[in-house]
Amino acid sequence: MARKTSKNFFKSARPAKQMLDPEFQFTRRALVAGGTAGALWLGLIGRFYQLQILNGDEYRRFAEENRIRLDLAPPQRGQILDRFGRPLASHRSAGRISIIREQAGDVESVLQSISKLIDLPEERQQRILRDAMRQASFLPTLVARELTYEDFARMKLHAAQLPGVEVEMGLTRSYPRGRDFAHVLGYVAKASQRDLTRLTDGMTASEATQASRLYRHPDMRTGRSGIEYVCDSWLTGRPGQKRVVTNAAGRIIEQLDSADLAPQAGQDVVITIDAELQRAVIERFGEESGAAVVMDVETGAILALVSTPAFDPNDFVNGISQADYDVLRGNDRSPLYHKAFDGMYPPGSTFKMVVATAALEAGVIDPRERVYCSGRYRFGNRTWACWKHGGHGSMDMRNAIKNSCDTYFYEVSQRMGIDKLAETARKFGFGNTWNIGLTGGAHGVVPDDAWKRETRGEPWYEGETLNVGIGQGYLSVTPLQLALMCARIARGGGVITPNLIHSGPQIDPGEDTQQPLEPEFIQRMQDGMFAVTGEWGGTARRSGDLGLGGVFMAGKTGTAQVRHITQAERNRGVISNDNLARHLRDHALFVGYAPHDAPKYAVAVVVEHGGGGSAVAAPVARDILAEAIRRDSRREPTVHQTASTGGTGQGAL
Amino acid sequence: MGGASYTAPRSGTAFSRPGISAKLAAVPWTLVLLIAGVALAGTGMLFSITYDKPAEAGLPIAHLIRFGIAFVVMMVLAMVPLSVWSRLALPAYLVSLILLFAVELAGSVRGGAQRWLEIGPLAIQPSEFMKLALVLVLARYYHLAQAREGGGFMVHIPAAVLMLLPAALIFLQPDFGTTLTLLAAGGIIIFLAGLDWRFIATGIAVGVLSAPLIYNYALEDYQRGRVDIFLEQIVGHSSDALGDGYQIEQAKIAIGSGGLRGKGYLNGTQSQLDYIPEQHTDFVLTVIAEELGFFGVTGLLLAWGVILGWGLYIAMKCSSAFGRYAASGAVGMVAFYIVFNVGMVVGLLPVVGVPMPLVSYGGTAMLTVMSAFGLVLSVHIHRRETISRTGLL
């Protein structure tokens, strides 16, 4: 490192042979080292003298005249496509005006000039001025976005006379199918301070500075929920840099292209949903609020995931106003809430296949054994009512499912007890959630003795088992879990992993409590479910035929009580839903699959406060299944990479 | 150097151990003030770069807080007797070495290199510990070696091994800057311990003579291109102002345009407009050069010259060999930081990530440098202490 003078070299070569006093030698060498360092110091100062004094004028000219600067170039965000390559989240270009305080000088008067060209109200000008003062003087402040073509052209023409004003085309995230995919895709927004803290976690200080600079770019967005959030890093891509030549004030004069610094576009995500089926399901719901899940029974692919009503994610991309947000929040049909994935409902009678399977697994009843239903069931000193006031008479398992006889299920659940019932429910996948690529996800509740002691601090009472036996009580499930249960019955009992992402980042599905179920028992459930829709007297006989020429569905109705029914009401008998306020009416549920003899699709439908499952939910499910079969929604995904997102599929994340 | 000094007690005479107040009286406060002055100047420059950038507004305060913590560490270390430093040398070295191996096996990658070891919420960089540990272990080694052998060429071989082992591990991370720091700090101690001039001369000669051979025969075309660009910009302007030369050319524009007096505090156009990457860390000197001019830069270099010269003087005045080597190694390490940082910023040396001590933003370097000064201060306070020449390394 240190260069020694030849003088020193000759002087000290000789005495090295003889022994030196170490302290004296140290001092001598330290002086040599110090002298060398001093020489280096002088050299460095000399270099500054050269750069700053001798060549100072030249560099000052460089600095003032023509400068090359590295600007961040944000990557184009990857698209989200449906299983047939239809864009669900993409981007559109929109004209945008921004102003750089430092270059504009008098920001106020420049804004005045702009307002003569485009509509820019006084209070908006004040706000831009405030925004501009609040951030660094060299950073652009947004003046207007989403310009009409005329405004854009006019601004472009006059931009040269407006100091510090930039008129450019920017890319905005857009959701061409609006509300249809609100809960699935989620939405993107400008990164907030909280987002930045999360996104820069684990970075070094300078990386974090770079990242926060990137996220301040007007084109940059970050996923806030749904797939946009979960697949964010996959979709984001890698920022590049563009080299720009600027003048003294920093205005860009010329842009220099170089391929090695070009941003790398984010990669596309393909999901398993058929967007047209999704549309049809939403249309079928009409004004009703609720949820529906359609699943391919072979692959577990989710073909439709509907929660209605929904919000329009396009409103969130540029920040939603507080007033609009309050309207969404205040809506009693909760459009912000993902009912299919986060919603927890009592399954009602749709749960009876689980109870019947549990009873067979526990061996507490023979399927041919008959239980007599008088319309009332006594246990302890209390009475439980069957939905059919006059009673069903004597019922075996098949008929109990067909007629949805509550008494039969009170009896078998009382025989096996809650713990056995809960165990089978968990084997079906209840009480679990899957990381399918969405934010949120409810587990629901599969109650048992241990659960109750833990959450309520009380032991389980046997009477409560009867409520769970007809899908009520503490039990709650999500529509996704119901669809999975139905798909598994259709498939004959094997384990199915629900999935939503067809191609995209690897997602760990998380823990799964599912276990294979005995095919012989499941066969009986299929049989019972077909009796519901295919036999005279079944609770959904009218909905069985899909109207496709001999294609039938098998299914099960359910009606879930929302309100607590007092003993007095119980004694008085069932109150008609029509006489109740909407929010007190029962939820209508239906699970079904089709075709009944060679199942392809399973569906779960929840119509919130819809009334009876048979009258309201079953026809919806029938139409959905018919539509799926007509569309052949489960056929192999055909995805063509679109040209707009070059650089996809490179496997780099 | 009149001030109070602390003479080591013979073992067992604990009552003669002077208190903290006596030691504090022995601290060379002018030197401490100079060190604090440099760190405050750094804070001021960081403020200039960040004051109108809300996302980075916390940097100067964070810098100051880190300096405060590091200052306390320095003062505490200054109170530690040399005998304790000497006893801790080998354990510190071994622990650092083990941690370096651990990083190699289980370290986490940040910014492309494997340097950090995460233990719960703590993220530590063992290579930083190794810098001081190497200085201590070499000082101890020569302290003992001189007692036994007193010279010869072979005596330097174990020292070289002690230095090269961690250097190789850090080189693999890869962290070129820290590798060079270790080699420089260790090399200075070996040089001061009397490495034969003939060996040094031979080394320099081989280096100078082989450079053209390596250039012509060992390098690939693109590597030769880089060397060309580098040599070219030392004398003139880089012809590759958009490629590798971008950063260095921008740094030179910022420095050169500062002139004699600079453009004034907070008024550097190049610095304020973000032309220079890494300007609050490794390239902070460009901001000083642009805003405070030749006067500002020379002032900073002179301040460092006084601090380091003072440190070297402390080393020469110490009665124990251990103290002499330890202080000079610590001083040499900081000097190396400065030479390499300045050389890099002005385009005389290739760009390796070495920060400007106490001025660049960054916590680990700050702590390392202040600990080094803590060692130097301790050598001054305990300069009359006798250190046992017995025992294993």
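Of the 653 residues in chain A, 53% are buried. The model is a predicted one. Chain A is built with 25 helices and 20 strands. Its contacts reach across the sequence. Among pairs in chain A that are at least 6 residues apart, 76% join residues at least 24 apart. The accessible surface of chain A amounts to about 28,800 Å². Carbon and sulfur atoms hold 49% of that area in chain A.

Chain B has 393 residues, and 54% of them count as buried. Its secondary structure consists of 14 helices and 3 strands. For contacts in chain B with a separation of 6 or more, 73% come from residues 24 or more positions apart. The accessible surface of chain B is about 15,700 Å². Here carbon and sulfur atoms account for 70% of the surface of chain B.

R127(A) lies in helix 6 of chain A. The relative accessibility of R127(A) is 48%, so this arginine counts as partly exposed. The cut-off for exposed is over 50% relative accessible area, and buried means under 20%.

F199(B) sits in helix 8 of chain B, which runs over residues 197–218. With a relative accessible area of 45%, F199(B) is partly exposed.

P309(A) is placed in the loop between strand 12 (302–308) and helix 14 (314–317) of chain A. P595(A) occupies the loop between strand 19 (587–594) and strand 20 (601–607) of chain A.

Positive phi values were also found in residues other than glycine, including one in chain A and one in chain B. In chain A, D632(A) has phi near 55°. This aspartate belongs to the segment after helix 25 (613–631) of chain A. D632(A) has a relative accessible area of 34% and is therefore partly exposed. In chain B, phi of L358(B) is near 65°. L358(B) lies in the loop between helix 13 (321–345) and helix 14 (363–381) of chain B. The relative accessibility of L358(B) is 3%, so this leucine counts as buried. Thus D632(A) is partly exposed, whereas L358(B) is buried.

Methods:
Residues are numbered from 1 along each chain as its sequence is written. Chains are lettered from A and ligands numbered from 1 in the order in which they are written. This is a predicted model: local features need pLDDT of at least 70, side-chain atom pairs count only at pLDDT 80 or more; totals for chains, interfaces and linings use all residues. Side-chain values use heavy atoms; hydrogens and water are left out. Helices (H or I, at least four residues) and strands (E, at least two) are DSSP runs, numbered from the N terminus. Buried means under 20% relative accessible area, exposed over 50%, partly exposed in between (1.4 Å probe, protein chains only). Contact means heavy atoms within 4.5 Å. Accessible areas come from the Shrake-Rupley method with a 1.4 Å probe; for residues, only the protein chains shown count as cover.
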